[in-house]
Every structure is written in C-alpha cells, then in structure tokens.
Amino acid sequence: MADLSEKKKPVIVSGARPTGEIHIGNFAGAVSNWVALQENYRCYYFIADYHALTTHYQDTSELRDLTLGVAADYIACGSDPEKTTLFLQSSVPEHAELSLLLSMLTPVSWLERNPSYKELVKELSNLEIRTLGFLGYPCLMAADVLIYKADYVPVGEDQLPHLELSREIARRFNHLYGQLFPEPGELLTKSRVLPGTDGRKMSKSYDNVIAFADPPELVRKKVMSMVTDPARIHKTDPGHPEICSVYAMHKEFNADEWEEIGRLCRAGQIGCVNCKKICAERVARVHTPIHEERTRLLADRSHLLEILDGGSKRARAVARPVLAEARDAMKIGFTGAEENGE
Ligand code: TRP
Ligand code: SF4
C-alpha cells in the first residue's frame, strides 16, 4: 500500500510497444534505467498494446504472445510489480477516452509536422499506416501521460518530439478549460546504443538482436558469429576495436575488462575467437538469469495475468478520477461536481 512518503514521490509514466521481443540492446538503453527509477519515483509502466495497433493493425496474430512476453521480460529485468504499477494499456480504457477528448482540441497540423510521423510513413511504406490512428499517435501518448498527471517521462532522444507534443496538448487543454494537467518534463536517459550482431544498431527491424527469449545456446552462437574488425585476418594483426561490435558488447557487459581487451586487440595480442568467447560468457551472465526468469513467468500464464490485472486496478484507481476531472472541465456529461449538485 502506498504510504505518505510514497505520495510525495514524483510520478513517471512510460510505455513500451509490444511489437517485438525485448533484447539486450533495450536492456542497455532503456530498461535498466526504468528499473533504477522505481526506487525514487512512483512509476506507471505499461505495455502499449493500443500503440502497437497504430502500426501493426493488419496482422495481430502475435500481439497477445508479444504482450505477455514483454511483460515477462520487464519483470525478469527487475521491474518489481510491488513497486511499479505495471499494466496493460488497453486494460485501462481511461487512456482511450482521454485520447478522444484530447483529439478534439489537437490541430491536425501539429500531428502532421511531427518529425517521427513523417519519418515512419516513409520508413514503413510497406505497411499502410496513413491511418487516423497512426496520425493520432501523439494524442494517445499525451493521454497516457496526462491521465496520471505525470511529472516526468523517461524517454530517449527519438521520443522527444512526441513528448513536446504532449506538453503542447496539455497547454492547450489548460488554456481552454482551466488548469488541470501539469506539463510533463523529460528524464533523458543516457541512450547507449548497442550494435546488433551485424554491426548496425540493435533493432528488431534489422533482425540482428539478442533477445531475452533466445535460449543460452543461441545467444552464444549469435555472439560467436558477430561481425568484427574486417582488417583482422591473423590473430597478430593489429585491430581497431572502436569499429568492432564485439568490443561494444564488452564495454556494456564487461566493464572491468574492456579497456584491457581494447589494448590487446590493438596490439594484436588477442584473437577474435577468444575475444568473442569471453564476450559470450559476459553477456550470458546478464542474459541467462533474465531468460530463465522470463521462461518461468511465462510458464504460469494465469499468475502473470494476475500481476497485470493488479497493476491495471491500481492504475485505474488513479486514472478514473482524473478522467472525471477532464470531462467535468469540458462540461461533458453530468459526472463529478455536476452530479453532486455542486
Ligand atoms: N511512443 C513510445 C515508443 O514508441 C511508447 C509510448 C506510448 C510511451 N505511450 C507512452 C512512452 C507514454 C512514454 C510515455 O517507444
Ligand atoms: Fe573485435 Fe575482439 Fe576481434 Fe578486437 S579482438 S576485432 S575487439 S572481436
């Protein structure tokens, strides 16, 4: 139960779209940060299944499995459902209703000039995403954040334009109907980008990820097949670790030794096979326990659903009165003050 000191903690909200499995690149970038924040903030973290539909509405056959997988991944990575309110976005339909209300006052021009919108329309040209839902993505995201009157949103650089739109929407609401929503600030997470097995940024769209769903043997295989410095043919050739993705993995998962490894590589005193073996072992130290925990969680589906359900109930208890305030401010229906004859 939340005590008083709990109430004083600033509120943060974040969501993850269940469009792919969580991988060690997500862990290095965002997820480990989320986990650290739960000590000093009241955290609302959700699996953004409505948001997944904005781009992946045509084929939803994997949506439920991915949703549970992502939930298990987060818990296995250390997100503690006792400390963090962890839930499924669609189980708190207040997000959707607030999004509808906000859509009434959001000019289409704001949505169209959003750089992420323009980029994604180009990038995902194979999917028909010039839909109303996708255009309105920032409206839903604003609702996600404002429904908890969040103080901060932990985001990577790529999400900043979206967050700025959330603030603009909040400002416009407050201007039209009276002050209700604080403007959410950003908690910029140091975005450490981990290269994938092919040397490009680790990303589910490049099929180069090491996912927590991968069994340990596969992780080892993936590390052993990673691209390295192409100039190194013989083990005595001097290497360039800064362009090698194995070296980047060492930096993330083998902090104590990575400088030494860089030195040995430059001096031609370590072979790539050996270097990768060490790397695979260090990655496994982080990966294996998380993999085992997520497997255990997924084996008891009803328990996992119960955890999410508990989170949704806590989230709704906060979201419902805020939605009532928003409806009341807009003079929608006869709830809140009106109903009480005030
Ligand atoms: N837009 C985020 C992403 O693509 C996901 C998201 C949805 C989100 N709603 C949010 C993030 C609210 C922070 C707060 O990763
Ligand atoms: Fe990369 Fe290691 Fe080979 Fe150097 S020795 S190129 S760091 S794999």
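This is a predicted model: local features need pLDDT of at least 70, side-chain atom pairs count only at pLDDT 80 or more; totals for chains, interfaces and linings use all residues.
Figure 1. The C-alpha centres of domain 1 and domain 2 are 35 Å apart. Domain 1 is formed by two segments, 4-194 and 301-339, and domain 2 spans 214-296.

**Figure 2. The area buried between domain 1 and domain 2.** Together the two domains bury about 900 Å². Carbon and sulfur atoms account for 72% of this area. Of the area that domain 1 buries against domain 2, 51% comes from Ile24, Ala76 and Leu194. No other three residues of domain 1 supply as much of that area.

**Figure 3. The salt bridge between Arg294 and Asp73.** Arg294 and Asp73 meet through their side chains, with an N to O distance of 2.8 Å. This distance lies within the 4 Å limit applied to such pairs. Across the interface of domain 1 and domain 2, the count of salt bridges is 1. For polar contacts between the two domains, the count is 1 residue pair, with both residues at pLDDT 80 or more.

**Figure 4. Lys149 in the loop between α9 and β4.** The loop that holds Lys149 runs between α9 (137-146) and β4 (152-155). Lys149 has a phi near 45°, a positive value in a residue other than glycine. The relative accessibility of Lys149 is 25%, so this residue counts as partly exposed.

**Figure 5. Lys331 in the loop between α15 and α16.** Lys331 is placed in the loop that lies between α15 (301-329) and α16 (336-339). Although Lys331 is not a glycine, its phi is positive, at about 65°. Lys331 is exposed, its relative accessible area being 69%; the class follows because exposed residues are those over 50%.

Definitions and conventions: Residues are numbered from 1 along each chain as its sequence is written. Chains are lettered from A and ligands numbered from 1 in the order in which they are written. Side-chain values use heavy atoms; hydrogens and water are left out. Domain bounds come from an automatic or database domain assignment. Buried area is the accessible area (1.4 Å probe) that two parts lose on being put together, summed over both. A polar contact is a pair of N or O atoms within 3.5 Å; within protein, one must be able to donate a hydrogen and the other to accept it, and residues adjacent in sequence count only if both atoms are side-chain atoms. Helices (H or I, at least four residues) and strands (E, at least two) are DSSP runs, numbered from the N terminus. Buried means under 20% relative accessible area, exposed over 50%, partly exposed in between (1.4 Å probe, protein chains only).
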